[in-house]
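I opened my notebook to look up a few places in a structure. My notes follow in the order I made them.

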Amino acid sequence: MEFTEEQIERYSRHIILPEVGGKGQRRLLDAKVLIVGAGGLGSPTGLYLAAAGVGTIGVADSDAVEMSNLQRQLLHSTPDLGRQKCLSAKETMEAINPDVSVVPHDVRLTSANILDIIAGYDVVVDGSDNFPTRYLVNDACVMARKPLSHAGILRFEGQVTTIIPGEGPCYRCLYPDPPPPGLVPSCQEAGILGAVAGVVGTIQAGEVLKLILGIGDTLVGRLLLYNALEVTFREMRIARHSDCPVCGDHPTVTALIDYEEFCSLRGSGSVSEEVTS
Amino acid sequence: MSVDAPLVTLRFFGALRDTIGQKEVCLPCAGGTVKEILLRFVEEHGDAVRHFIFDEQGNQWRSLLLLLNDEPIEDNQETHVKAGDVISLLLPLAGG
């Protein structure tokens with residue numbers, strides 16, 4: 001399929017890159033990426049993927065836009081307060097680039113629906129804000145062998161890695177089980193510097209684009225730690241563990257788990273957890 | 001302990017750093033395993049810190065990631081540390 005004149009102009013700064021070219025831009029237009037959580041991480045990821053011309057972008061989020069989101073969740077604006085995030089995200093991304101079709105998934109991901117949802121995508125981005133979703137997304141991506149960009153943020157810090165099942169470690173190789181209730185706070189409880197989400201989510205967008213294009217070195221096997229107070233990036237080598245509960249040689253997690261209970265057991269007494277903060 | 005005693009560094013990230021109030025702590029090291037170093041550290045810092053690293057049975061939490069000199073540790077029960085080593089302690093970050 002040929003590019004229109006408008007597309008040649010729109011993507012000219014991509015097409016001029018030898019590593020991308022017209023062929024790479026066509027790959028981006030044909031790619032399907034699922035973003036889990038239209039929040040602090042999902043916003044910069046979604047904005048850059050849409051601008052880059054990733055043709056199909058799914059957004060899984062069942063929350064509505066709240067005032068406290070607007071400090072960092074750039075997919076949403078003040079007039080969007082109270083609207084469903086996946087619809088607000090769709091409107092923003094499609095306005096940036098009419099080549100992009102955003103598929104809203106206005107559901108909370110569970111063991112019952114996640115495999116069906118991710119089946120339609122080439123790459124998954126974890127921008128969720130809670131451990132039940134993070135473990136569910138990791139396990140589902142390992143089982144379905146989907147590449148996953150993983151990141152977590154809190155206060156002034158971020159952690160980001162790329163998971164390609166079979167090629168490197170998964171989230172459970174690092175953290176085999178979720179932390180006990182109350183041990184690790186959420187952004188709601190401990191805060192987040194808005195720009196940290198921007199830095200880390202943008203790294204995720206870069207990883208997704210490279211995965212689609214098949215260029216460069218990804219964060220597979222590396223955990224990148226960002227600290228905004230120090231302005232440091234520290235890189236840790238990480239390895240697949242043969243005893244990993246989900247991607248190890250003898251997996252013990254063979255069915256998807258809904259860890260809902262441990263969110264509500266959280267010590268601080270926060271009862272309702274946003275899908276993305 | 002003499003001033004030039006060999007040291008091992010514990011480096012903290014996330015909630016651990018906030019709880020301990022320091023980026024890193026240096027401990028005298030005359031050999032021993034990673035687990036022995038951690039046990040010695042929590043003995044000196046009390047329950048608030050112990051709670052992040054070990055469960056009530058004294059087993060390391062499976063949600064704690066330990067790295068030795070920015071590299072994976074195969075088995076922290078057995079891995080021996082030497083002077084100058086840096087043990088990093090990381091917890092997963094929930095936020096997004």
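This is a predicted model: local features need pLDDT of at least 70, side-chain atom pairs count only at pLDDT 80 or more; totals for chains, interfaces and linings use all residues.

**Entry 1: A:Leu256**

A residue needs 20 or more to be buried.

Next I looked up where A:Leu256 sits. I placed A:Leu256 in the loop of chain A between strand E8 (232-237) and helix H11 (260-264).

Then I asked which residues A:Leu256 touches, leaving aside its neighbours within four places in sequence. I listed A:Ser111, A:Ile114, A:Leu136, A:Asp139 and A:Ala140. I followed up A:Leu136. It lies 120 residues from A:Leu256 in sequence.

**Entry 2: the nonpolar core**

I turned to the largest nonpolar core and noted 90 residues in it. Which element gives the most to this core? I wrote down helix H10 (residues 194-213) of chain A, with 10 residues.

The residues with the most contacts inside the core are A:Val33, A:Ile57 and A:Val124. I picked A:Val33 and looked up its contacts, again leaving aside neighbours within four places in sequence. Among them are A:Leu49, A:Val54 and A:Ile57. A:Tyr121, A:Asp122, A:Val123 and A:Val125 are also in contact with A:Val33, and so is A:Val208.

**Entry 3: where chains A and B touch**

How many residues does each chain give to the contact? I noted 34 from chain A and 19 from chain B. On the chain A side, the elements that give two or more residues are strand E5 (148-154), strand E6 (157-163) and E8. I also sorted the chain A side by residue kind: 18 are nonpolar, 12 polar and four charged.

I then looked up two residues with a positive one.

A:Val231 is not a glycine, yet its phi is positive, about 50°. I found A:Val231 in the loop between strand E7 (222-227) and E8 of chain A. Why does A:Val231 count as exposed? It has 9 other C-beta atoms within 10 Å, and 12 or fewer makes a residue exposed.

B:Asn69 is not a glycine either, and its phi is about 55°. I placed B:Asn69 in the loop of chain B between strand E3 (65-68) and strand E4 (71-72). With 15 C-beta neighbours inside 10 Å, B:Asn69 is partly exposed.

Technical notes: Residues are numbered from 1 along each chain as its sequence is written. Chains are lettered from A and ligands numbered from 1 in the order in which they are written. Helices (H or I, at least four residues) and strands (E, at least two) are DSSP runs, numbered from the N terminus. Two residues are in contact if their C-beta atoms, placed from the backbone, lie within 7 Å. A nonpolar core is a set of buried Ala, Val, Leu, Ile, Met, Phe, Trp, Tyr and Cys residues joined through C-beta atoms within 7 Å. Ala, Val, Leu, Ile, Met, Phe, Trp, Tyr, Cys and Pro count as nonpolar, Asp, Glu, Lys and Arg as charged, and the others, Gly among them, as polar.
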